[in-house]
Amino acid sequence: MTDYASLERQLAALLDTRDWLTNAAQTSAFLMQALDDLNWVGFYLQRQPETLILGPFQGLPACNPIPFSKGVCGAAARSRQTQRVDDVHAVPDHIACDAASRSELVVPIVVGEHLWGVLDIDSPLPARFSREDQAGIERLCRVFGAASDLANSPAT
Ligand code: SME
């Protein structure tokens with residue numbers, strides 16, 4: 001079992017600036033190292049009109065831009081609910097950036113009333129992300145949000 005409380009402390013200590021770009025880069029690199037069996041971790045940032053653009057990430061070059069109307073990331077942006085997908089092949093409009101991906105977790109990052117962006121995590125293993133992983137990664141996203149001056153980032 002992943003010790004998410006320990007990861008929260010480590011991430012909070014790592015994010016020693018208010019700068020969202022630095023913190024997003026550090027967070028994606030940290031998660032790629034800290035969690036097993038991932039092939040992609042990164043941020044998509046909200047842009048008008050209802051579009052996600054690629055932000056700091058770890059992994060293969062990825063799809064960009066993503067409209068809110070498409071894919072697992074789009075569903076997270078539209079609904080502002082975390083999307084936990086055990087089998088991406090079962091999602092008709094899943095956007096396959098890396099053919100190795102089999103399961104996916106996308107967490108929306110909301111600042112006040114505003115969707116700032118999403119954190120997207122892909123795994124080559126089916127059903128990689130449990131409910132406990134979802135809760136732990138949502139907490140890590142809150143650490144990122146609390147550490148960063150998202151209200152004054154270009155994504156808002
Ligand atoms: N699979 C995502 C697209 C982003 S990549 O996984 C990096 C989706 O369906 O929205």
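Six aromatic pairs occur in this structure, where rings of Phe, Tyr and Trp (its six-membered ring) pair if their centres lie within 6.5 Å, with planes under 30 degrees apart counted as stacked, over 60 as edge-to-face and the rest as tilted. You are looking at a predicted model, so local features need pLDDT of at least 70 and side-chain atom pairs count only at pLDDT 80 or more, while totals for chains, interfaces and linings use all residues. Residues are numbered from 1 along each chain as its sequence is written, and side-chain values use heavy atoms, with hydrogens and water left out.

Let us start with one of these pairs. Phenylalanine 43 and phenylalanine 144 form a tilted pair, 4.8 Å centre to centre with 40° between the planes. It links distant parts of the chain: phenylalanine 43 lies in strand β1 and phenylalanine 144 in helix α4, 101 residues apart. Helices (H or I, at least four residues) and strands (E, at least two) are DSSP runs, numbered from the N terminus.

Phenylalanine 144 has another partner. Its ring centre is 5.6 Å from that of tryptophan 116, and the planes meet at 55°, so this pair is tilted. Tryptophan 116 is buried at a relative accessible area of 0%, and phenylalanine 144 is buried at 1%; buried means under 20% relative accessible area, exposed over 50% and partly exposed in between, using a 1.4 Å probe and protein chains only. Ring pairs join Trp20, Phe43, Trp116 and Phe144 into a cluster.

Now widen the view to the nonpolar cores, each a set of buried Ala, Val, Leu, Ile, Met, Phe, Trp, Tyr and Cys residues joined through side-chain atoms within 4.5 Å. The largest has 28 residues, and Phe43, Trp116 and Phe144 are among those that touch the most other members. Helix α4 (131-147) gives this core its largest share, six residues. A second, separate core of 16 residues includes Tyr44 and Phe68.

Finally, follow strand β5. Seven of the nine residues of β5 (residues 103-111) are buried, so this strand is largely enclosed by the rest of the structure. Two strands pair if DSSP finds at least two bridges between them. Strand β4 (residues 83-85) pairs with β5 in the antiparallel sense over three bridges, and arginine 84 stands opposite leucine 105. On β6 (residues 114-123), nine bridges join β5 in an antiparallel arrangement, with proline 108 opposite valine 118. Two residues separate β5 and β6 in their hairpin, and glycine 112 in the turn has a positive phi of about 60°.
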